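Trainee: Can we go through the charged pairs in this one? I'd like to start with how open they are.

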Amino acid sequence: MKIAIMVIAKKKPQSGMSLVELMVAMVIGLFLTAGVFTMFSMSSSNVTTTSQFNQLQENGRIALAIMERDLSQLGFMGDLTGTDFIVGTNTNVEIAALTSDCVGAGLNNATLPDEKPAHFRRLWGYENTATSEYLSCLDYGDVKADTDVLQLKRFLGPSVSEGDSNAIYAASNSSQVAFFVGESPTATIENSRIWEYQHHVYFIADDASGIPILRRKTLTNTGMSNDEQLVEGIENIRFLYGFDNDGDSTPDSFMPASNVTELMWDNEGFQRLVAIKAFVLVRSINQDRSYTNDTQYQLGDKTIIIPANDHYRRKIMSTTIVLENPVLIRS
């Protein structure tokens, strides 16, 4: 007789993590998660910082390049470069009164030369303060406070075969000039070349959202009614004017507009304007709340103090512009 033997396997009880082990695992997991988020935050901050520095560099470079190209040709008047415009003698103005003009300081400092017995001023600048003289097209409130404004006048090259009705032109030879709108002037000027005439005004103003923008007023056939937005983030601008005192065509001193006399603006004295230093304070477009700016900036001869709790990055850039066509450089 066979006896069946049943073997009952005894089940082992299931084992898991104890409460202590679970707590240790959670703490380790929190440390790992915190580390990942810290690395992400640092990476994001580095991307923001790098992006803003690149933006500052590029905006400053573009702003200076635009002004340098324009200012280096200051006073270029074709074959009449270096000769004063005297209405009724060597100059005809065949244009009716402009609808809008930018008239500055000096006896003869409108867009076009007039009959006043004074030098036609090709260049003039000022710092926009509550007590400064202004251009007639820019009130104190139109321009960011304590920033410089600069106007210049010149012919634009190359010369053209004929003008049109959209701009103001000048037909000139070495002894005469006529300003006109249309294909050609009424006056007959032998062996003349035709150039577009331009009056530029550089200034800074904020847009509706508070972003400072380098702007430029330009001349159309009716006047100084065109307002161009050139570069965002240009918060301040400073011009220092370099004068040659000994006739060697190199600047012996640089000074702000407030120190330039009436005779010096018109190059009537022994000092000749031969260079301009341009400084721009560039500001990031957006704030970075992780950054607080408490830096003082030296903009040429002027110190810029940043308001407390400011979160914008900034950078100063500058260039020295040698004037290839100094106003009335010939004696």
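Trainee: Is Glu262 buried or exposed, or partly exposed?

Mentor: Glu262 counts as partly exposed, because its relative accessibility is 42%; buried means under 20% relative accessible area, exposed over 50%, and partly exposed in between, with a 1.4 Å probe and protein chains only. This is a predicted model, where local features need pLDDT of at least 70, side-chain atom pairs count only at pLDDT 80 or more, and totals for chains, interfaces and linings use all residues. Residues are numbered from 1 along each chain as its sequence is written, and side-chain values use heavy atoms, leaving out hydrogens and water.

Trainee: Which side chain does Glu262 meet in a salt bridge?

Mentor: That of Arg121, at 2.8 Å, N to O. A salt bridge here is a side-chain nitrogen of Lys or Arg within 4 Å of a carboxyl oxygen of Asp or Glu. Arg121 is in the loop between β1 (91–93) and β2 (123–127) and Glu262 in helix α2 (residues 262–265), so the pair ties together parts 141 residues apart in sequence. Helices (H or I, at least four residues) and strands (E, at least two) are DSSP runs, numbered from the N terminus. Arg121 is buried, at 2% relative accessibility.

Trainee: How many salt bridges in the whole structure?

Mentor: The search finds 16.

Trainee: What are Glu127, Asp148, Arg238, Asp301 and Lys302 linked in?

Mentor: A network of salt bridges. Within it, Glu127 pairs with Lys302, their closest N and O atoms 3.3 Å apart. Glu127 is in strand β2 and Lys302 in strand β13 (residues 302–305), 175 residues apart. Lys302 is buried at 12%, while Glu127 is partly exposed at 24%.
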